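Here are my notes on the model you sent.

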Amino acid sequence: AVMEHDGLGMAPVWRQTNQGPTQHGQTQVAARLRPRIVTLKLKVTGTSASNLWTQHNLYTRMMNQINAQFYLDVTLDSGATRRLDVAYYQGLTLSREARLSRAYTTLEMLQLIADDPILYDVSPIVYTFGISGGGTGTPVPLIVPTTIGSSVIDDTQTITYNGTWEEYPVIKITGPLEDCVITNTTTDEKLDFTGATIGAGDYYEIDLRYGYKTVTDSTGANKLADLTSDSDLATWHLAPHPEATNGINSIQVTGTNATGATNVAVTYYTRYLGL
């Protein structure tokens, strides 16, 4: 049983500052989040002395992959669950009295480290743009044969992001589509594939998460070179309030030679700076 916990509120902040030789105070240069340390006070109860050792061995075995990550789920009073990716940090040192009480109960302190200090909802959200181009259009007998029914797409939708920390989603573009550009007009960031063709049955997956920043096709081939040099692969994100007022992100998708099979899906998690 968890008796007490600490470290699930605001994440700790590291600040880089400068101070001039005659300056009073300091000048902040940058601010970044530090890893989060979560402390849990655990009550461990057994039915006998030997059973208490069995319980101890169980949670020791849970922590024995000290280089592996697992997750800590926190269920709120509302029923919502927020998750934190963690690893063993320290604790479970078997601090106990010389003689066990008849209740065969001991208290343990466990500390977990979250290298990424941001909590997130366990269920991802998939936002799909309802794109349906006109294909090859409809031939109309004019003096010069002309096609009416455009396969050009220019669709702007709103994603209302309710998190309290920025999110870097995964975007999947399913062809056919040429010259695709995905712009978050709220943050003025774009992913520009001008000059690239995504064929029917193929797709490009843009993974914007920190540590990934990749573009691959349906075969797993690297398509990073298909992005224009002025694209914002490193920074493209869904912005929370107040960067985006009330979390409203306006996303524009453009491209040519689309059909009814063309699709753009944005998959993201809602992330929180703290409970």
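**Notes on the model**

1. Start with T128. Leaving aside neighbours within four places in sequence, T128 is in contact with N263, V264 and A265. T128 sits in strand β9, residues 125-129. This is a predicted model, so please read every value below as computed from predicted coordinates. The C-alpha atoms of T128 and K172 are separated by 9.5 Å. Along the chain, those two residues are 44 residues apart.

2. Overall make-up. The secondary structure comes to one helix and 21 strands. The chain has 275 residues, and 35% of them count as buried. Take the contacts between residues at least 6 apart in sequence: 70% of them join residues at least 24 apart.

3. Helix α1 covers residues 49-62, which is 14 residues. At 1.5 Å a residue, α1 should span 20 Å. The end C-alpha atoms of α1 are 20 Å apart, so expectation and model agree.

4. Sides of the helix. Which residues of α1 are buried? They are L52, H56 and Y59. These residues cover an arc of only 70° around the axis, which puts them on the same side of α1. The background is simple: an α-helix has 3.6 residues a turn, so residues three or four places apart point the same way. The face of α1 turned away from the buried side carries S50 and R61, both exposed. The cover over the buried residues of α1 includes β4 (36-45) and β7 (105-114).

5. The largest nonpolar core. How many residues does the largest nonpolar core have? It has 27. Those with the most contacts inside this core are I171, I173, I182, L191, F193, I206 and W236. In general, nonpolar side chains tend to be buried together in soluble globular proteins.

6. I206 in detail. Not counting residues up to four places away in sequence, I206 touches P169, V170, I171, I173, L191, F193, T214, V215 and L233.

7. The second core. A second core is separate and has 17 residues. Its members include L40, V44, Y59 and L92. Y59 is also one of the buried residues of α1.

8. Backbone at L92. L92 has a positive phi of about 55°, although it is not a glycine. L92 lies in the loop between β6 (81-91) and β7. Is L92 buried or exposed? L92 counts as buried because its relative accessibility is 14%, and the cut-off is under 20%.

9. Backbone at K213. K213 also deserves a look: it is not a glycine, yet its phi is positive, at about 50°. K213 is in the loop between β17 and β18. With 18% relative accessibility, K213 counts as buried.

10. Cis peptide bonds. The bond from G175 to P176 is cis, with omega near 10°. P176 is in the loop between β13 and β14. The bond from H241 to P242 is cis, with omega near 10°. P242 is in the loop between β18 (214-217) and β19.

11. The largest pocket. How much space lies in the largest pocket? About 990 Å³. The lining has 26 residues. Of these, D116, I118, Y168, Y210 and R271 lie nearest the centre of the pocket. β3 (27-33) and β20 each supply at least two lining residues. β3 gives the most to the lining, with three residues.

12. Last, Q252. Q252 is in strand β19. Q252 is partly exposed, with a relative accessible area of 24%. Leaving aside neighbours within four places in sequence, Q252 is in contact with D154, D155, T156, V181, I182, T183 and T185. The C-alpha atoms of Q252 and T158 are separated by 8.7 Å, while these residues are 94 residues apart along the chain.

Terms used:
Residues numbered from 1 in each chain as written. Predicted model: local features only at pLDDT ≥ 70, side-chain atom pairs only at ≥ 80, totals over all residues. Heavy atoms only, no water. Helix = DSSP H or I, 4+ residues; strand = E, 2+ residues; numbered from the N terminus. Expected span 1.5 Å × (residues − 1). Buried < 20%, exposed > 50% of the residue type's maximum accessible area, 1.4 Å probe, protein only. Arc of directions from axis to C-beta. Contact = heavy atoms within 4.5 Å. Core = buried A, V, L, I, M, F, W, Y, C linked by side-chain atoms within 4.5 Å. 1 Å grid on protein atoms, 1.4 Å probe; cavity = no way out; pocket = protein on both sides within 12 Å on 5 of 7 lines; lining within 4 Å. Points joined across faces, edges and corners; volume = space filled by probe spheres on them.
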